[in-house]
Every structure is written in C-alpha cells, then in structure tokens.
Amino acid sequence: MARRNTRELILATSLELFNLLGEPNVTTNHIADEADISPGNLYYHFHSKDDIVIELFKRFLARFRPLIDIPGDMLLHAEDLWFQLHLSFELKGEFRFLYRNLADLTARIPDLNRAMRGLLMRERKAARNLLSGLQQAGALTIGREQKDMLTDNILLHLTYWIPFADLLQPGGLDDSRAQAAAIARVMLMVTPWLREPEQSQFHRLADEYLRHSA
C-alpha cells in the first residue's frame, strides 16, 4: 500500500507543479522536494520525468476517451453540444500542462507524439459526429464544406485555447474565467448555423459564459 501511495503522491504532486509552473520548469528533484520524498524514492517508481508525463497522459486519456465516444448516427440537441464542450474544457483545464507545452512535449517524447496525433483524429471525428447529430435532429443547417471547416475550427480551439489564454492573460488559467471565455467562443462559432430556438439558446448561454469571464 505504501508503494502505491508514494506513486500516487508523485503523480499528484507532478500534475500540480506542471500546471502551476509549466512542465519545462519542473525537475524531478523539485517534485521530490515538494512531495517530501528522496529523489531515489521517486526514481524507484519513475525512471525519468518523461515517464511521469506519459503516466499522467494515460490518466487524462482514460477519462477523455468516453467523452469523445460519440456515434455518428445519434440524434443530438444543442444542450448535448454545450455539455460536451463543458466537460472537455474542464478536463483539459485539469491537465492543462499537456496542452500548454504541447509542441515541446510531443517533440521530446515520441510515444506522446503518436498518442496525441491519434487522439486528435478521434477528437476530430467526435466533433464532426456532434455536428452531424445536430443536423439529423434538425437543429443545425450547414453544408459539407462549411461543416468540415467548422469542425477544424472547433478542434483548433479545443487544442490551443490553453496557450492562447496563457498569453492573453498570464495566470488567468488559475480560475474559471479563461475556460468560460473559451467555451463561449466555440459556442459562438456554432451559433450562426443553428436554427431557432437553439440559436437564441446558444446566444444566451454564450452571454452567460462571457459575463462569467469578465
């Protein structure tokens, strides 16, 4: 039990430090000091900082995959898209170090590079299936080319909203305002293609998020 508790302590401490300081600015000695264990004890569980990053990514992936397991033939409502966005942004905010330093991490860790590319393709399919579900339910009117472009714009924002928020307002990711603004921006991307009453509903929801982010 003690061995498992130490491993969990290392992971929890690493996640907190990576999110707070940025993964490149955190060393294994820093993690060991913060966790109040010896460096040797840390290396007993993880041979390198990259191993810690990979384990944290696996935990992120285990929680994220069910969110993007969206069939292409499911009828969906605007509330389903809003709920999906909320959960996705919330989880990525919890593991924000992965996306804050995405280019550096994927360049340094080949296994993470492959896994992230695979995840990106699955997430793109999920975003397209969400839009298709809204179309099939009669809530969304959009052409094929426009849907492809909207899908990629949503995916782009989902992938890079964290470094954008970091640059726009350093430290803003420590509260919920940056996340609220990011969700509102995606909702406003979709709103022009929605029919009524979903269009008005999304406008109201986006306004609420923007007020929260002010």
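Phe83 counts as partly exposed because its relative accessibility is 46%, and Trp82 falls in that class at 27% relative accessibility, where buried means under 20% relative accessible area, exposed over 50% and partly exposed in between, with a 1.4 Å probe and protein chains only. The model is predicted, so that local features need pLDDT of at least 70 and side-chain atom pairs count only at pLDDT 80 or more, while totals for chains, interfaces and linings use all residues. Residues are numbered from 1 along each chain as its sequence is written, and side-chain values use heavy atoms, with hydrogens and water left out.

**Aromatic pairs**

- A search of the whole structure finds seven aromatic pairs, a pair being rings of Phe, Tyr or Trp (its six-membered ring) with centres within 6.5 Å, called stacked when the planes are under 30 degrees apart, edge-to-face when over 60 and tilted for the rest.
- One of them joins Phe18 and Phe97 in a tilted arrangement, with 5.0 Å from centre to centre and 50° between the planes.
- This pair links distant parts of the chain, since Phe18 belongs to helix 1 (residues 2-21) and Phe97 to helix 6 (residues 96-100), 79 residues apart; helices here are DSSP runs of H or I with at least four residues, numbered from the N terminus.
- Phe18 and Phe97 are both buried.
- The pair of Trp82 and Phe83 is also tilted, because the ring centres lie 6.4 Å apart and the planes meet at 40°.
- Ring pairs also link Phe57, Phe60, Phe64, Phe95 and Tyr99 into a cluster.

**Pocket**

- The largest pocket has a volume of about 270 Å³, a volume being the space filled by probe spheres set on grid points that are joined across faces, edges and corners.
- On a 1 Å grid over the protein atoms alone, a pocket is an open set of points with protein on both sides within 12 Å along at least five of seven lines, a cavity is a set where a 1.4 Å probe fits but cannot get out, and lining residues have an atom within 4 Å of a point.
- Of the 15 residues that line the largest pocket, Leu102, Met116, Leu120, Thr159 and Tyr160 lie nearest its centre.
- Helix 7 (102-108), helix 8 (110-136) and helix 9 (144-168) each supply at least two residues of this pocket lining, and the largest share, seven residues, comes from helix 8.
- By class, the pocket lining has nine nonpolar, three polar and three charged residues, with Ala, Val, Leu, Ile, Met, Phe, Trp, Tyr, Cys and Pro counted as nonpolar, Asp, Glu, Lys and Arg as charged, and the others, Gly among them, as polar.

**Cavity**

- One cavity of 30 Å³ or more is found in a search of the whole structure, and about 100 Å³ of space lies in the largest cavity.
- Helix 5 (78-94), helix 8 and helix 9 are the elements that give two or more residues to the lining of the largest cavity.
- The residues of that lining divide into eight nonpolar, two polar and one charged.

**Thr191**

- Thr191 sits in the loop between helix 10 (177-190) and helix 11 (198-213), and counts as buried because its relative accessibility is 2%.
- The side chain of Thr191 reaches the backbone oxygen of Met187 at 2.7 Å.
- Leaving aside residues up to four places away in sequence, Thr191 touches Gln199, Phe202 and His203, contact meaning heavy atoms within 4.5 Å.

Note on methods
A polar contact is a pair of N or O atoms within 3.5 Å; within protein, one must be able to donate a hydrogen and the other to accept it, and residues adjacent in sequence count only if both atoms are side-chain atoms.
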